[in-house]
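Dear colleague,

I am passing on a structure that I would like you to look over before we discuss it. The entry itself comes first, and my notes on what was found follow.

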Amino acid sequence: MTMRLFVPRDAAAVAVGADEVATALERAAETRGLQIEIVRTGSRGLCWLEPMVEVATAAGRVAFGPVSDTDAASLLDAMVADGPHPLRLGIADDIPWLKRQTRLTFARCGVVDPRSVEDYRAHGGYKGLERALTLTPDEILADVTTSGLRGRGGAGFPTGIKWKTVAQASADRKYIVCNADEGDSGTFADRMLMEGDPFLLLEGMTIAGLAVGATNGFIYCRSEYPHAIGALKSAIAIAHKAGVLGADVAGSKRAFDIEVRTGAGAYVCGEETALLESLEGRRGVVRAKPPLPAHKGLFGLPTVINNVLSLAAAPFILAEGAKAYADLGLGRSRGTMPVQLAGNIRHGGLFETAFGVSLGELVDDIGGGTASGRPVKAVQVGGPLGAYFPRALFGTPFDYEAFAARDGLIGHGGVVVFDDSVDMARQARFAFEFCAVESCGKCTPCRIGSTRGWETIDRIVAGTSREANLALIEDLCQTMRLGSLCALGGFTPYPVMSALKHFPEDFRRPSPRLQAAE
Ligand SMILES: Cc1cc2nc3c(=O)[nH]c(=O)nc-3n(C[C@H](O)[C@H](O)[C@H](O)COP(=O)(O)O)c2cc1C
Ligand code: SF4
């Protein structure tokens, strides 16, 4: 009998040797005369256990990890004997870190073969599209609106309203653009999804197309994601053959097609209007709004632009009903958020959970504290433009409004942990430096202010007119916040001001120059 094994082909798993493990398992099986089939899946998101290998058994899939190529022989022996092994983790679905999650968007990731549309269907795929094809565009829009889904790219704008605006715009042609630039530090959910369950994104985009009357979609993916680009291209070709993309989607006589475009690597190209410029073949410079992309977007036509996770949530909402989604969450943050635990953390990875979980629970309990074993000092939530939260704010629930009330943001769900060896003055300097490097240059507060910012932090750290320069930073941050055209310049004050507010001692240390003089 053939033994079915599952080895991730996810970039994070490949980076720590998943390909070598797959090859070693094949060789060890050959030596033993064992018949095995290796399915290359995505990742389940338990990054510290990668490469995580699974084997199908009568009781369910049994997981082992982290596996190296030298473990292959002993692993196969343990699998055949269904016996103990030091890397055995038990039934994969029962691993507490997975069991505690509410996996809606990531239900199939790490489970299915991302190159098989049959496997996707066998695990509930395309149910949402099938239902959408029986509905009117207004009914689809009503479902998405009722679900309470908000954009997962950063701003948390209600997806139903965005789709409705495009649906109501009259034009010969409309577009669906998927923002897969994923530039936020510590985030990887888009990548994991595109690599591990690409048909879900294609299905979500097709549903969006039906809702607003668009027949073409583009996925704008960062160039640093070659594995995701490969997975998407192959899924698009397979979906064409299966008749779920193209001139006649699932026999409905309605057309929808998708192309992948690769960015050249600029953080600002994740900003929706700069992304559209780049997609049209120009340098990624932010456009002034209005007009909104929903009215005048790609090539001047009405365009839905959504993050990967926003679009990937649509199939669940259509398949299981808006209520099933809206029943989860807290306040105006409905449904689930795929939280990405990163930085100096013991159990880093992707944890999908209903909104409302506290930051402390995510960092201390689920994440297991720091990887270094030292105390947690600060957590940056929401990417490079997100605020640094001290332990005193760990009771904050994961919720758009709760974070905004504490001068922070959830952004794309990235949680980056720092231990007590971090110097927050350096982090504040880095925020300005990042802004200076990534600024598109269109507006003065961001283009010039970011450079003046890190120069001023340097003076503060050196002890030069410290109090005056601290006041200057506050003033500069206020100017950038109010005067910048987009959130790159407008939100850079969040990390800077939170570092100053919560960790003032790091800006007031005796400077090396002053110490030498004493
Ligand atoms: C500097 C900057 C970078 C951004 N980067 C991303 C990104 O990488 N991915 C993303 O989905 N949204 C990003 N956004 C947000 C987008 O402008 C936009 O709000 C989002 O694509 C809308 O989709 P959503 O409603 O599904 O969140 C960025 C915004 C700014 C200001
Ligand atoms: S804030 Fe910065 S990135 Fe945004 S438009 Fe102005 S210069 Fe460009």
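**Notes on the model**

C443 has a relative accessible area of 17% and counts as buried, a term that here means under 20% relative accessible area, with exposed meaning over 50% and partly exposed in between (1.4 Å probe, protein chains only). This is a predicted model, in which local features need pLDDT of at least 70 and side-chain atom pairs count only at pLDDT 80 or more, while totals for chains, interfaces and linings use all residues. Residues are numbered from 1 along each chain as its sequence is written, chains are lettered from A and ligands numbered from 1 in the order in which they are written, and side-chain values use heavy atoms, with hydrogens and water left out.

C443 is also one of the residues that line the largest cavity, a lining that includes C440, C446 and C486 as well as V268, V286, K442 and L485. By a cavity I mean a set of points, on a 1 Å grid over the protein atoms alone, where a 1.4 Å probe fits but cannot get out, whereas a pocket is an open set with protein on both sides within 12 Å along at least five of seven lines; lining residues have an atom within 4 Å of a point. The space in this largest cavity is about 70 Å³, where a volume is the space filled by probe spheres set on the points, and grid points are joined across faces, edges and corners. Its lining has eight nonpolar, three polar and one charged residues, with Ala, Val, Leu, Ile, Met, Phe, Trp, Tyr, Cys and Pro counted as nonpolar, Asp, Glu, Lys and Arg as charged, and the others, Gly among them, as polar.

The structure holds zero disulfides, a disulfide being a pair of cysteine sulfur atoms within 2.5 Å. C221, for example, is in no disulfide, and the nearest cysteine sulfur, that of C178, lies 8.3 Å away; C221 counts as buried, at 0% relative accessibility.

Turning to the open sites, the largest pocket has a volume of about 1,300 Å³. It is lined by 50 residues, of which G153, G154, A155, E272 and A487 are the closest to its centre. Strand 9 (303-307) is among the elements that each supply at least two residues of this lining, and strand 9 provides the largest share, four residues; helices (H or I, at least four residues) and strands (E, at least two) are DSSP runs, numbered from the N terminus. By class, the lining of the largest pocket has 22 nonpolar, 16 polar and twelve charged residues.

The second largest pocket has a volume of about 310 Å³, and of the 15 residues that line it, D407, R481, P493, Y494 and M497 are the closest to its centre. Helix 20 (466-483), helix 21 and helix 22 (493-502) each give two or more residues to that lining, with helix 22 giving the most, at six residues.

As for the whole protein, 58% of its 518 residues count as buried, and it has 23 helices and 16 strands.

With best regards
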